[in-house]
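Good morning, and thank you for coming. Please look at the sequence and the structure on the screen while I guide you through them.

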Amino acid sequence: MDVIIKGDYDEMSKFAAGVIAEFVRKKPDCVLGLATGSTPIGTYRELVRMHKEEGLDFSGVRTFNLDEYLGIGIDLSKPYDEDQSYARFMYEELFKHINIKKENIRLPDGRTSDPDGFCKWYEEEIKRAGGIDLQLLGIGGDGHWAFNEPGSSLASRTRVQVLTKQTLDDNYEMFYKKAGVPREEMPHFAITMGIGTILEARNIMMIASGRKKAGVVAKALEGPVTSQITASAIQLHPGGVIVVLDQEAASGLALRDHYMHVEKLKEKYGLSTRYI
Ligand code: GLP
C-alpha cells in the first residue's frame, strides 16, 4: 500500500488527479470507478483543468460510479434535473466539462423499479467492460466505502443498503440542507457496489482530507480488518493500492512518519511507484 501524505486538500486533489490522468494517458480506453462526496470535488476540478488546458482525452474512457441514493436519479437521455442525486453531482462536477461519451458512463439507477435486478445487471456490466482498472474511493464518517455501512460483508456485491443515522446526518449537512430539502425527505436507501465488487478493481485509490477523517483513516489503514469499518478491506486488496491524504487526515496514523520517509526515499532514488 502506498500512503502519500500531502500538505493540504489542494495538493491531495492534484496528486490524485495526476494518478488518474496517468491511467487515462497510458490506457485511453481504461475503465474508471468513480466516487462522490465532497472529497473528490478538487480531484475532478483538476481533471477538468487538465482536459481543458492540457488536452487530457476522455473520449475512450468508460466509468462506473460506486453508488446512488435509491428513489432519485437522473434520466441520462434527458437534460439533468435539479435533484440531489449522485448522477447529477457527477454531471455537474465532471462529466459535463470533459469529452467523455454518454454511452460510456454507468451510474447506479436510483429510479429503478427493480433494484435487485438492476444490481445484478450492474455487476454484469462491470464484467462486460473487463473490470475496473482504477477505482477512486473516499471514506465515510463511519468508515464506509461507497454506501457499505458498518456490518456489510467484506465479500458483498452490488446491492441495496439502508443508510446509518451517521451517514444521513453527514450527507444531509453536506448536500441536502444546502438544497433546502427537509431532513425527512432525504432518501434512507441506496444502491452501492459491494466491498467484494470494489476489491476486484485492479487498482484502488482512496482519498481523505481533514481532521474529522483522521480517526477512521487510522482505523481503516492500521486497525483490524472488520466489517465495522468497511474501508479496512483496503488491507485485503492484492493489487495496486494508493492512499492520498492531507496532513490533517493523516494525523492519527501511527506509521505516519514512516510513510513520509518511504515517499522521500522513492523520490531520492527514483524508485517507481507500485500502483501503476
Ligand atoms: C458518501 C458516499 C461515499 C463517500 C462519503 C464521504 O457516503 N457514498 O462514497 O466516500 O460520502 O463523503 P465526503 O467526501 O463528503 O466526506
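Which residues do ring pairs link into a cluster? They are F64, F118, W121 and Y122. Rings of Phe, Tyr and Trp (for Trp, its six-membered ring) pair if their centres lie within 6.5 Å; planes under 30 degrees apart count as stacked, over 60 as edge-to-face and the rest as tilted.

Before I continue, a note on the source: this is a predicted model, in which local features need pLDDT of at least 70 and side-chain atom pairs count only at pLDDT 80 or more, while totals for chains, interfaces and linings use all residues. Residues are numbered from 1 along each chain as its sequence is written, and side-chain values use heavy atoms, with hydrogens and water left out.

The structure holds 7 aromatic pairs. One of them joins Y86 and F147: the ring centres are 5.8 Å apart and the planes are at 10 degrees, so this pair is stacked. Y86 lies in helix 3 (residues 86–93) and F147 in the loop between strand 6 (134–137) and strand 7 (159–162), so the pair ties together parts that are 61 residues apart in sequence. Helices (H or I, at least four residues) and strands (E, at least two) are DSSP runs, numbered from the N terminus. Both Y86 and F147 are buried, that is, under 20% relative accessible area, where exposed means over 50% and partly exposed lies in between (1.4 Å probe, protein chains only).

A146 is found in the loop between strand 6 and strand 7. Although A146 is not a glycine, its phi is positive, about 55 degrees. A146 is buried as well, with a relative accessible area of 10%.

How far is a nitrogen atom of the ligand from a polar backbone atom of A146? The distance is 3.0 Å. An oxygen atom of the ligand is 2.4 Å from an N or O atom in the side chain of T39, and an oxygen atom of the ligand is 2.5 Å from an N or O atom in the side chain of K213.

7 strands form an open sheet in the order 1-10-9-6-2-3-5, with parallel pairing; two strands pair if DSSP finds at least two bridges between them. The edge strands, strand 1 (2–6) and strand 5 (105–106), each pair on one side only. Strand 2 (residues 31–34) pairs with strand 6 in the parallel sense over 2 bridges, and G33 stands opposite Q135 in strand 6.

Conventions
Polar contact = N/O pair within 3.5 Å; in protein donor to acceptor, adjacent residues only side chain to side chain.
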